[in-house]
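The following note sets out numbered points on helix packing and the nonpolar core of the model shown here. Please read each point alongside the coordinates.

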Amino acid sequence: MKEIKMAQHPKRLKILPLVDAVFEIRFRHPFKAYQAIVGTIYNNVDSEYKNKEIINTNESVLPKPVRDSQPQFEYAMLNIISLDGIFIGVGEKALNLVAKYPYPGWDVFKQKIFKVLDILQEGTDDTSINRFSLKYIDVIDNSRLINPSNHLDSLKIQLNILEQNYQKDIFHFIITTKDEKNHAISTILNLSAPAEVKINGEATYEATNGIRIDIDVIKNVEEDLTIRSLLTTIKNQDSVLDEMHIKVKNLFFNILDAKVIKNHDPE
């Protein structure tokens, strides 16, 4: 069994900067009827979810010919099922699970992923997966930064762009890297400041004029992979899903200055 190594980072931060955690699956071809997928999930989630609601997204009211003609709508979520602690989005070619704020922790979130995929594996066995990904969005508030007037002081990142001057308190850049051992896995780091985020989950999180850190780890799939086979794969101990989570966590802590980490009460 492959051993997944975790760098020596805190287990968690008491002052939680994480505002969004998303697991997404994209499919090669559209579902025959995505509404049936929504119904299957809604009718089969555990009784532990007392509050269930189906929400139509803005994209769902667009005529299908309009959605089909615009690339940005290809993987758009058309219905969202709101449950206690989680949102489940369903589109014609995509499915996602979003942990509501406050984030319950990886072990809890992972089990919710397993439960939803377990519900879906029977009715979607002929649907081939194109990729799956794990994305975390954190916002480091100004009050936790080393120097609010220079956001880059709080990051262990050096920028030297053709010796051009740039504002250190306003920036937005994206870095994409490939895994050295597994080229099917790529990581997208998206940093921006100032950031303003307001998310309604089980509680409301507001952060203004801080640093937004988006880390998206993507596993592209070349072979024929169904939800049933994906579920079998990621349920194994030290699976690729755990590996992706560790990549997110390591990168997050690696780019933050130690003083910023200390300002979030690490454990």
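1. Helix H3 passes helix H4 in a left-handed crossing. The model is a predicted one. H4 spans residues 227-234, and the axes of H3 and H4 come within 9 Å and cross at roughly 150 degrees. Angles over 145 degrees count as roughly antiparallel, and H3 is therefore roughly antiparallel to H4.

2. On the H3 side, the contact with H4 is made by Ile 113, Phe 114, Leu 117, Asp 118 and Leu 120. H4 contributes Ile 227, Leu 230, Leu 231 and Ile 234. By class, the residues of this contact comprise eight nonpolar, no polar and one charged.

3. H3 also packs against helix H5 (residues 240-255), at an angle of about 140 degrees and with the axes 12 Å apart. The two helices are therefore oblique to each other, and the crossing of H3 and H5 is right-handed.

4. Trp 106, Lys 110 and Phe 114 of H3 meet Leu 241, Asp 242 and His 245 of H5. The contact of H3 with H5 divides into three nonpolar, one polar and two charged residues. Phe 114 of H3 is listed in the contact with H4 and in the contact with H5.

5. A further partner of H3 (residues 106-120) is helix H1 (residues 34-44); their axes come within 9 Å and cross at roughly 120 degrees. H1 and H3 are therefore oblique to each other, and their crossing is right-handed. From H1, the contact involves Ile 37, Thr 40, Ile 41 and Asn 44, while H3 supplies Val 116, Ile 119 and Leu 120. This contact has five nonpolar, two polar and no charged residues. Leu 120 of H3 takes part here and also in the contact with H4.

6. Which residues of the largest nonpolar core touch the most other members? Of its 66 residues, these are Phe 23, Ile 41, Phe 109, Leu 117 and Ile 213. H3 gives the most to this core, with eight residues. Among the residues named, Ile 41 belongs to the contact of H1 with H3, and Leu 117 to that of H3 with H4.

Terms used:
Residues numbered from 1 in each chain as written. Predicted model: local features only at pLDDT ≥ 70, side-chain atom pairs only at ≥ 80, totals over all residues. Heavy atoms only, no water. Axes fitted to C-alpha atoms, helices over the stretch in contact; angles between N-to-C directions. Helix = DSSP H or I, 4+ residues; strand = E, 2+ residues; numbered from the N terminus. Parallel < 35°, antiparallel > 145°, perpendicular 65-115°, else oblique. Left-handed = near helix turned anticlockwise from the far one by under 90°. Contact = heavy atoms within 4.5 Å. Nonpolar A, V, L, I, M, F, W, Y, C, P; charged D, E, K, R; others polar. Core = buried A, V, L, I, M, F, W, Y, C linked by side-chain atoms within 4.5 Å. Buried < 20%, exposed > 50% of the residue type's maximum accessible area, 1.4 Å probe, protein only.
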